[in-house]
Amino acid sequence: MNSHPFPLAVECCDASVSYNGKPVLEKISVGIPEKNVTGVIGPSGSGKSTLLRTFCRMNDRVPGFWVQGQVRVGGDEIYADDVDVYQLRRKVGMVFQTPCVFPTSIFENAIFGLKRLFPHLKKEFSTKGEQALREAGLWEEVKDRLHKPAVTLSLGQQQRLAIARSLAIDPEILLMDEPTSALDPKSSQAVEELILALKTRHTIVLVTHNLAQARRVADRLIFLREGKIWEAGTTEELFNSPAMPETRAYLAGHGDFA
Ligand SMILES: Nc1ncnc2c1ncn2[C@@H]1O[C@H](COP(=O)(O)OP(=O)(O)O)[C@@H](O)[C@H]1O
Ligand SMILES: [Mg+2]
């Protein structure tokens, strides 16, 4: 099935998704290469978040959610009957638009998922927590107040804490749904730099409305429109020589009118 010259972290073949019978994604076929940043762009309502959530079974509990076709992570079909969703969570982490921090300390936030998914690693929580905070570029800022409530951090720091929490599990794939759209420019830049640093070890799928950001950090782009992959290719291909007029219009900044 993999006709690409590079290994794929996620592979969809004719995947369709609907909510309460309303089609949202139609026959999506795409490969997400390993250790790359794949940007997902497209007008509001085109299905970007749904696509990301479909990659990690985050929609399972949404009433009326229905998926057909194949979605593979690391070569394994994730919607097969015998799949353990907790095992999948070890491989695929997700970061949301609004930083998701729990009403507990900075450090407890960093090890939140680790504690639940790997309780037997208790002795390593402290080192793994520090490692994740370092990898998220937050350690120097929080090392003297690890036991203070996480809500005392700035929004930009909270987003990096949410990223650290995902990293503590050492996922192969990190899905990020507009991770900088609630942040100020300086914090956004910190997160962008982090994404570039992380791709040496992780596969990143980044939904973004910010086309300049897509151009700066994505290696490849998927342009979603009306629930379909309208066009996909390298960032350079889409920006410099898009095949479809709608892609050209969207990238020219006509955004949601494309
Ligand atoms: N939980 C849900 N229940 C019903 N419809 C939904 C749900 N989530 C999204 N949708 C619908 O699916 C479509 C795609 O939404 P979404 O994936 O959030 O798009 P995007 O992230 O590109 O803005 C929209 O029409 C939206 O209303
Ligand atoms: Mg969305």
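Modeller: Four bridges join strand β3 to strand β8, residues 203–207, and the two run parallel. That is our starting point. Keep in mind that this is a predicted model.

Now look at β3 itself. Strand β3 covers residues 37–41. How many of its five residues are buried? Five of the five are, so β3 is largely enclosed by the rest of the structure. Burial here means 20 or more other C-beta atoms within 10 Å of the residue's own.

Which way do the residues of β3 point? Val37, Gly39 and Ile41 point one way, and Thr38 and Val40 point the other way. In a regular strand the side chains alternate between the two faces of the sheet. Both sets in β3 are buried.

Next comes the ligand. Gly42, Ser44, Gly45, Ser46, Gly47, Lys48, Ser49 and Thr50 are among the residues that surround ligand 1. Tyr19, Val24 and Val62 belong to this shell too. Helix α1, residues 48–54, gives the largest share of the shell, with three residues. By type, the shell divides into three nonpolar, seven polar and one charged.

An open sheet of four strands has the order β2-β1-β4-β5, and its pairing is antiparallel. Its edge strands are β2, residues 22–33, and β5, residues 76–77, since each pairs on one side only. Eight bridges join β1, residues 8–19, to β2. Ser18 stands opposite Pro23 in β2.

Now compare a helix with our strand. In α5, residues 125–135, the buried residues include Gly129, Ala132, Leu133 and Glu135. These four cover an arc of only 160° around the axis, which puts them on the same side of α5. An α-helix has 3.6 residues a turn, so residues three or four places apart point the same way. On the other side of α5, Ser126 and Thr127 are exposed. What covers the buried residues of α5? The cover includes α3 (106–110), α6 (139–142) and α7 (155–167). After α5 comes Gly137, with a positive phi near 70°.

A loop residue gives a contrast. His147 sits in the loop between α6 and α7. Is His147 buried or exposed? His147 has 9 C-beta neighbours inside 10 Å, so it counts as exposed. Beyond its neighbours within four places in sequence, His147 is in contact with Ser105 and Phe107. The C-alpha atoms of His147 and Asn109 are separated by 9.9 Å, though the two residues are 38 apart along the chain.

Finally, step back to the whole chain. The chain has eleven helices and ten strands. Of its 258 residues, 43% count as buried. Among contacts between residues at least 6 apart in sequence, 67% join residues at least 24 apart. The C-alpha trace spans about 55 × 45 × 35 Å along its principal axes. A compact globule of 258 residues would have a radius of gyration near 18 Å, and the chain has 18 Å, which agrees.

Terms used: Residues numbered from 1 in each chain as written. Chains lettered and ligands numbered in written order. Predicted model: local features only at pLDDT ≥ 70, side-chain atom pairs only at ≥ 80, totals over all residues. Near = placed C-beta within 6 Å. Nonpolar A, V, L, I, M, F, W, Y, C, P; charged D, E, K, R; others polar. Buried ≥ 20, exposed ≤ 12 C-beta atoms within 10 Å, placed from the backbone. Arc of directions from axis to C-beta. Contact = placed C-beta atoms within 7 Å. Rg over C-alpha atoms; globule rule 2.2 N^0.38 Å. Pairing = 2+ DSSP bridges.
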